[in-house]
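Colleague: I am new to this structure and would like to learn how its features are read. Could you take me through some of them, giving the general idea and then the case at hand?

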Amino acid sequence: MHKDEFHLKFFVCVIQSRQLVRTPQRTAGEASTSSMLIPRPPPKTDILKSLDTMDDPDTVGSIPVFKTEWIMTHEEHHAAKTLGIGKAIAVLTSGGDAQGMNAAVRAVVRVGIFTGARVFFVHEGYQGLVDGGDHIKEATWESVSMMLQLGGTVIGSARCKDFREREGRLRAAYNLVKRGITNLCVIGGDGSLTGADTFRSEWSDLLIDLQKAGKITDEEATKSSYLNIVGLVGSIDNDFCGTDMTIGTDSALHRIMEIVDAITTTAQSHQRTFVLEVMGRHCGYLALVTSLSCGADWVFIPECPPDDDWEEHLCRRLSETRTRGSRLNIIIVAEGAIDKNGKPITSEDIKNLVVKRLGYDTRVTVLGHVQRGGTPSAFDRILTKDVTKAMDEKKFDEALKLRGRSFMNNWEVYKLLAHVRPPVSKSGSHTVAVMNVGAPAAGMNAAVRSTVRIGLIQGNRVLVVHDGFEGLAKGQIEEAGWSYVGGWTGQGGSKLGTKRTLPKKSFEQISANITKFNIQGLVIIGGFEAYTGGLELMEGRKQFDELCIPFVVIPATVSNNVPGSDFSVGADTALNTICTTCDRIKQSAAGTKRRVFIIETMGGYCGYLATMAGLAAGADAAYIFEEPFTIRDLQANVEHLVQKMKTTVKRGLVLRNEKCNENYTTDFIFNLYSEEGKGIFDSRKNVLGHMQQGGSPTPFDRNFATKMGAKAMNWMSGKIKESYRNGRIFANSPDSGCVLGMRKRALVFQPVTELKDQTDFEHRIPKEQWWLKLRPILKILAKYEIDLDTSDHAHLEHITRKRSGEAAV
């Protein structure tokens, strides 16, 4: 058999703006051999335009070259549950462990079994693949139960020298062929996926060698003539090009922020300086996002070494912060931090400098492997060499570009908030007011802090409004200085106060105060009331010229129901609260068999929290308004749980969105389950309530809110200048009142009036919501017999390595 006849595919499943795409890994000029994929690249001019305008808001950089759609043949349109019949899949975790790996293993096993395939565990990573024997065992549906909340990897991971040699890979190929495994899922970091790519490229030659040696038959070689490999990037370092977020990164940030928050408290009590060293090898992502999330005074990352006189700058920065009344200083250091000559900058070096120059009480905390520990975050459950070379060659600008636009955006926002001094004079400045509207959401304070400080940096006068539109009408307004918002990033709730009151009934008072305080622009941070309040302001312009000022709405609500944005500030924190609570509730029944928990979540009519928490917590059902259900559906769910109790998994979890159905209340569902489950299982109910709105914001919400605030204020400054006419601000065009939303991979400003057609005002939700497409996965993982439509187009994005000095094309 000639090696050209072999069929090979290698995909890396990556995350872009928290949505999954599949990326084929191949070298330049290598065409796909898959007959099912017909790439249709856009014109080169469109490629360059998309690169120029792409604005990835929250995650690491990928270097996308072009996007295509998968054109599927009719063979792929048959029922999903027959796709895997006669096929075998092996899953392994390799390299360093990362929180969320177990969730990925669970999903691979259960979806594989759902499709009719046989699925095998490979224990101890590539070493298990090489050794074979009992290291490769067939998995069952029940064998992956209770894995979601566990950190690390239960099937084990190991560094494998044998697999680095061709002889080891030959043994691994033999073990796969003998079991009829032609599909391999590798969950690991850069080294692990590089090894997978090497294995793929050698597969045809390995089979030929095994045939010549008489270890496999011609028939076995023919049946194994193709090898499909899917790579899931699992690494807390977030250093893999082509994906916005790797499995484990979000959880690592959670562990870091828990420690930073605890340290902040003691540092303020004793007026201390803390130097925190975080992991990340040659990637400064963890350190950079941590610095943004905690409002650090300084961050050292390998991609952007400080200037030669950084010691002077650092000491001046710390002393200025103390002079403004701050009682603490926080310095974040990536473990691979270096100066421009490539010399390491260690946490001890920084401590000694601060103590010697400033005499501050300074402590060092090296977080180490605690960042890998703990339970995975909600996001991690639902989910390069060129840079190193550029840094070795001291081409740091190139290294920064290779990290991607998002990394660069993080760096620019950090520099603005940490290193730029606000101007002393505000002569000729504009006056911008910022306020919170609606229910409180974690991250609101981080958005206010960013908005205020960016405004001050730009030379503007910034006002804060207490108690939303009601406070604007009553004149509860004061000027904010730099220190006013100090320490706000990690605080939950709304320090300004927030109410659901809409502005329409108070236009006269609001107009009077806009004139009195000379407000020329308004930043509104809030939920659905902020959006509808913006619509009322646009309507009020017909009667009150004072309302003709630019305004922008930053979505901030646990319900994630603001039109024009895929995500809202605060939703991630609420989701993590629900997941943590579900874990604890399930754990409380660890010694109790045959028990079903019914949990009510918030969200109004929006089922985002119930759906995503259901995915992350492993729910058996999640009832939401957007997907109507009947008494027959409830009965089917009960019968499903009855069958589940006959297996080794004797616990159930059911989530109910608070307004999913006015008749099938939480009490009704609890009573139904209790009655129908008599003698088989008992039921318990929990209404989580407002605890979902409280608590410290997650790293994502802190970082997201910080960049949203910065983006909003930059837009505001430009819009005010654009609207300046005849000595006053007059803005009456549709684009002068916008929602700043995250749409796929970009932060975009959308006129509130243009979003009206996309809104279900009766139920306060967008008419179309992206996360509804994830609902079938929830049901599959809960072992329901459903039909899954596989005809939906997926995005295919080619990733190439950009050489130093070259543009991506």
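Colleague: Which residues of H8 and H23 meet each other?

Modeller: In this predicted model, Val289, Leu292 and Ser293 of H8 meet Pro699, Arg702, Asn703 and Thr706 of H23. Sorted by class, the contact of H8 with H23 has three nonpolar, three polar and one charged residues.

Colleague: How is the packing of two helices described?

Modeller: Two packed helices are described by the angle between their axes and by the distance between the axes. Here helix H8, residues 285-294, and helix H23, residues 699-722, pack at an angle of about 75 degrees, and their axes are 8 Å apart. Because angles of 65 to 115 degrees count as roughly perpendicular, H8 and H23 are described as roughly perpendicular to each other.

Colleague: At what angle do the axes of H4 and H5 cross?

Modeller: The axes of helix H4 (residues 166-178) and helix H5 (residues 190-212) cross at roughly 75 degrees and come within 9 Å, which makes H4 roughly perpendicular to H5. The residues of the contact of H4 with H5 divide into eleven nonpolar, one polar and five charged.

Colleague: Which residues line the second largest cavity?

Modeller: The lining consists of Ser291, Leu292, Gly295, Ala296, Tyr414, Leu417, Ala418 and Arg449, and the second largest cavity has a volume of about 60 Å³. H8 and helix H14 (405-419) are the elements that give two or more residues to this lining, and the largest share, three residues, comes from H14. By class, the lining of the second largest cavity has five nonpolar, two polar and one charged residues.

Colleague: Turning to the sheets, in what order do the four strands of the open sheet stand?

Modeller: The four strands stand in the order E19-E20-E18-E21, with parallel pairing. Strand E19 (621-623) and strand E21 (682-687) are at the edges, each with a single partner strand, so one side of each is left without a neighbour in the sheet. Neighbouring strands of this sheet are turned by 20 degrees against each other on average, with direction ignored. E19 and strand E20, residues 651-657, pair in the parallel sense over three bridges, and Tyr623 has Arg656 of E20 as its bridge partner. Helix H21 (residues 631-644) packs on the sheet, where H21 touches strand E18 (595-601), E19 and E20, and the direction of H21 makes about 160 degrees with that of E20.

Colleague: And which strands stand at the edges of the sheet of seven strands?

Modeller: In that open sheet the order is E15-E14-E13-E16-E17-E24-E25, and the pairing is mixed. Strand E15 (477-479) and strand E25 (746-751) stand at the edges, each with a single partner strand, so one side of each has no neighbour in the sheet. The twist from one strand to the next averages 25 degrees. Within this sheet, strand E16 (residues 521-526) and strand E17 (residues 551-555) pair in the parallel sense over five bridges, and the bridge partner of Ile524 in E17 is Val553. Helix H18 (residues 528-540) packs on the sheet and touches strand E13 (431-437), E16, E17 and strand E24 (737-743), while the direction of H18 makes about 165 degrees with that of E17.

Notes. Residues are numbered from 1 along each chain as its sequence is written. This is a predicted model: local features need pLDDT of at least 70, side-chain atom pairs count only at pLDDT 80 or more; totals for chains, interfaces and linings use all residues. Side-chain values use heavy atoms; hydrogens and water are left out. Axes are lines fitted to C-alpha atoms, for helices over the stretch in contact, and angles run from 0 to 180 degrees between N-to-C directions. Angles under 35 degrees count as roughly parallel, over 145 as roughly antiparallel, 65 to 115 as roughly perpendicular and the rest as oblique. Contact means heavy atoms within 4.5 Å. Ala, Val, Leu, Ile, Met, Phe, Trp, Tyr, Cys and Pro count as nonpolar, Asp, Glu, Lys and Arg as charged, and the others, Gly among them, as polar. On a 1 Å grid over the protein atoms alone, a cavity is a set of points where a 1.4 Å probe fits but cannot get out, and a pocket is an open set with protein on both sides within 12 Å along at least five of seven lines; lining residues have an atom within 4 Å of a point. Grid points are joined across faces, edges and corners, and a volume is the space filled by probe spheres set on the points. Two strands pair if DSSP finds at least two bridges between them.
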